[in-house]
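Biologist: Before I take any label at face value, I would like to go through this model with you and hear what each term rests on.

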Amino acid sequence: MIDILADLGGLIVSPRQTFKIIFAEKRGLLQPALILLVMMTVLSLVTIANVAIRFMGFVSPFMGGFGGVLSAFLGLISVAGMVIGGAILWLILGLLTYVFAKIFGGKGDVEKAFIVLGYATVSFFIYVILGFIGLFTNFLISIGLLIVGLLISAILWIIVASVGVSEAYGISLGRGLASVILPLIVLSLIPFLMTLPFMFMTWW
């Protein structure tokens, strides 16, 4: 347990050295997968809790006790959806990161990409902390804390993941960064590309 906590702290303070140790010890997917699932669960709970508390305060006067039950049900469904969605996103980003790392001359298998991205989710601890603080504030402050936490955590995730990819595949930090950023760009373009046929139909 102490070793795991040391690794998690090391990923933030000294990611390259920590990833060197991880790959030197030839660790598998179990630990990063568990870290991903735990982090996604806590992250989703904090997010939904901030929303659910506001929702309960709004609907309770109109729905009585049923409003609390409905909020709890919707909250559980949302948490499950976010965790499953996070796991699917991990798999997709892992595959794309591996592809780009190989394009940039990297050497290694796809498992390394999954390991790096799984461990990198520890970066979202900042979002969790600020989200927890937001539970004790008003709506606007809580939303602001969630946004700030998301931005900081996302930037930290990109840094940790880039260093990890660089170390895993033996490529420069710049190429590691590109291998992490480009999959995000590809995924963000998919919705736009899916709407193109409808846009052309509208024009013609």
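Biologist: Where is the place of Thr137?

Modeller: Thr137 sits in the loop between H6 and H7, where helices are DSSP runs of H or I with at least four residues, strands are runs of E with at least two, and both are numbered from the N terminus. Please keep in mind that this is a predicted model, in which local features need pLDDT of at least 70 and side-chain atom pairs count only at pLDDT 80 or more, whereas totals for chains, interfaces and linings use all residues. Residues are numbered from 1 along each chain as its sequence is written, and side-chain values use heavy atoms, with hydrogens and water left out.

Biologist: Why does Thr137 count as partly exposed?

Modeller: Buried means under 20% relative accessible area and exposed means over 50%, with partly exposed in between, using a 1.4 Å probe and protein chains only. Thr137 has 25% relative accessibility, so Thr137 counts as partly exposed.

Biologist: What polar atoms does the side chain of Thr137 lie close enough to for a polar contact?

Modeller: A polar contact is a pair of N or O atoms within 3.5 Å; within protein, one must be able to donate a hydrogen and the other to accept it, and residues adjacent in sequence count only if both atoms are side-chain atoms. A polar atom of the Thr137 side chain lies 2.9 Å from the backbone oxygen of Gly134, and one lies 3.4 Å from the backbone nitrogen of Ser142. At the start of H7, a side-chain oxygen of Asn138 also comes to within 3.3 Å of the backbone nitrogen of Leu140.

Biologist: What makes a set of residues a nonpolar core, and which members touch the most others in the largest one?

Modeller: The term means a set of buried Ala, Val, Leu, Ile, Met, Phe, Trp, Tyr and Cys residues joined through side-chain atoms within 4.5 Å. The largest such core has 41 residues, and Phe19, Val116, Tyr119, Trp157, Ala161, Val165 and Tyr169 touch the most other members. Its largest share, 9 residues, comes from H7. With contact meaning heavy atoms within 4.5 Å, Ala161 touches Val116, Leu117, Ala120 and Val180, leaving aside residues up to four places away in sequence.

Biologist: Why is the pairing of Arg16 and Glu167 called a salt bridge?

Modeller: A salt bridge requires a side-chain nitrogen of Lys or Arg within 4 Å of a carboxyl oxygen of Asp or Glu. The side chains of Arg16 and Glu167 meet at 3.0 Å, N to O, and since Arg16 lies in helix H2 and Glu167 in helix H7, the pair ties together parts that are 151 residues apart in sequence. Arg16, at 30% relative accessibility, is partly exposed, as is Glu167 at 23%. The count by this rule comes to 2 salt bridges, and Arg27 and Glu25 form one of them, at 2.7 Å, N to O.

Biologist: What makes Pro32 buried, and which residues does Pro32 touch?

Modeller: Pro32 lies in helix H3, and its relative accessibility is 0%, so Pro32 counts as buried. Not counting residues up to four places away in sequence, Pro32 touches Ile115, Gly118 and Tyr119. The C-alpha atoms of Pro32 and Phe114 are separated by 7.9 Å, although the two residues are 82 residues apart along the chain.

Biologist: Is Thr47 buried or exposed, and what does its side chain contact?

Modeller: Thr47, which lies in helix H3, has 15% relative accessibility and therefore counts as buried. The side chain of Thr47 makes a polar contact with the side chain of Tyr127 at 2.7 Å.

Biologist: Is Lys26 buried or exposed?

Modeller: Lys26 has a relative accessible area of 74%, so Lys26 is exposed. Its place is in the loop between H2 and H3, and its phi is positive, about 50°, although Lys26 is not a glycine.
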